[in-house]
Amino acid sequence: MFLNFITSDKIIIPAITIVVAIVVNKIIKKSIQKILDKNDNYKSKKKNTISILVSNIIKYAIILVALAICLSAWGVDISAIVTSIGVIGVVAGLALQDALKDIIAGCNIIMDDYFVVGDLVKINDFEGHVIDFGLKRTKIQNADGTVLIIANREISSVYNESMANTNLYLTFSASYDDKIDNVVDAMKEICEKISKLDKVIGNASYLGVDKLNDSSIDYMITLTCKSENRYGIKREINKIVKDVFDEKKISIPFPQIEVHNDK
């Protein structure tokens, strides 16, 4: 009797439906990715975002179709359900207003290029990289690993740092004991090295002596880069400055304490 049960249409048809649904979902997901890969009009990060969004829509559509087939196999009258969809739609629309707003907002975010997965954004004073984007919510992770999960309908304004360029003005200190001409030559060499960095836009420039401090002289340079790259570039520049200063024997001032022995 158990064998008859597991080989009946009520078990076989739903089982086959679930397997087919999983396979079809994977095939369609790969097909979408291939289509986007062939389209050069989309940037790689935008391709990933569109792929995630479309895949989610298709996944839910396949689930609904598979569910309908399973219900039909179990003897549920699908036609009655279809007939009731109008009424159910009205009720669901009222009950799921927020969810519908999230979905509409998610589509608007893609169509209007607010951001894509991988972008560095600032939303409601929270800054981080978009790590996931779905029909209902967006996940953003900041530098310390904290993740903000925000409903798409709550995203009214976004500062996208991945789209913006920023001008960095950096100062570096040298000792009064070092000749200004030598330091200027070093700063110009540093600018040449900085200009060769992949994430720097254009050329870095030496601007001149910025400030005369109590125990050091500040020299200023400027460069342009994407806002999202500014922290990484600063770290690379610090290494370049240290290497060049060491090579040219230019001192980097540091606090010193004088100790007087009265004995």
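The model is predicted, so local features need pLDDT of at least 70 and side-chain atom pairs count only at pLDDT 80 or more, while totals for chains, interfaces and linings use all residues. Residues are numbered from 1 along each chain as its sequence is written, and side-chain values use heavy atoms, with hydrogens and water left out. The chain holds eight helices and eight strands; helices (H or I, at least four residues) and strands (E, at least two) are DSSP runs, numbered from the N terminus.

**Whole chain**

- The chain has 263 residues, of which 33% count as buried. Buried means under 20% relative accessible area, exposed over 50%, and partly exposed in between (1.4 Å probe, protein chains only).
- About 17,200 Å² of accessible surface belongs to the chain, and carbon and sulfur atoms account for 58% of it. Accessible areas come from the Shrake-Rupley method with a 1.4 Å probe; for residues, only the protein chains shown count as cover.
- Of the contacts between residues at least 6 apart in sequence, 62% join residues at least 24 apart. Contact means heavy atoms within 4.5 Å.

**Helix 7 and helix 8**

- Helix 7 (residues 180-195) packs with helix 8 (residues 230-247) at an angle of about 140°, and their axes are 10 Å apart. Helix 7 is therefore oblique to helix 8.
- Angles under 35 degrees count as roughly parallel, over 145 as roughly antiparallel, 65 to 115 as roughly perpendicular and the rest as oblique. Axes are lines fitted to C-alpha atoms, for helices over the stretch in contact, and angles run from 0 to 180 degrees between N-to-C directions.
- The crossing of helix 7 with helix 8 is right-handed. A crossing is left-handed if the near helix is turned anticlockwise from the far one by less than a right angle, and right-handed if clockwise.
- Helix 7 contributes Ala186, Met187, Glu189, Ile190, Lys193 and Ile194 to the contact, and helix 8 contributes Ile237, Ile240, Val241, Val244, Phe245 and Glu247.
- By class, the residues of this contact are nine nonpolar, no polar and three charged. Ala, Val, Leu, Ile, Met, Phe, Trp, Tyr, Cys and Pro count as nonpolar, Asp, Glu, Lys and Arg as charged, and the others, Gly among them, as polar.
- Glu236 also lies in helix 8 and is partly exposed, with a relative accessible area of 38%. Glu236 is 42 residues from Ile194 in sequence, and their C-alpha atoms are 8.4 Å apart in space.

**A buried aspartate**

- Asp102 sits in helix 6 (residues 97-111) and is buried, at 4% relative accessible area.
- Leaving aside neighbours within four places in sequence, Asp102 is in contact with Leu135, Lys136, Ala151, Asn152 and Arg153.

**Loop and tail residues**

- Asn213 is in the loop between strand 7 (200-212) and strand 8 (217-226). Beyond neighbours within four places in sequence, Asn213 is in contact with Ser173, Tyr176 and Asp218.
- Asn213 and Tyr176 are 37 residues apart in sequence, with a C-alpha to C-alpha separation of 9.4 Å.
- Asp125 belongs to the loop between strand 1 (120-123) and strand 2 (126-133). Its phi is near 70°, a positive value in a residue other than glycine, and Asp125 is exposed, with a relative accessible area of 73%.
- Lys249 lies in the segment after helix 8 and has a positive phi, near 55°, in a residue other than glycine. Lys249 counts as exposed at 70% relative accessibility.
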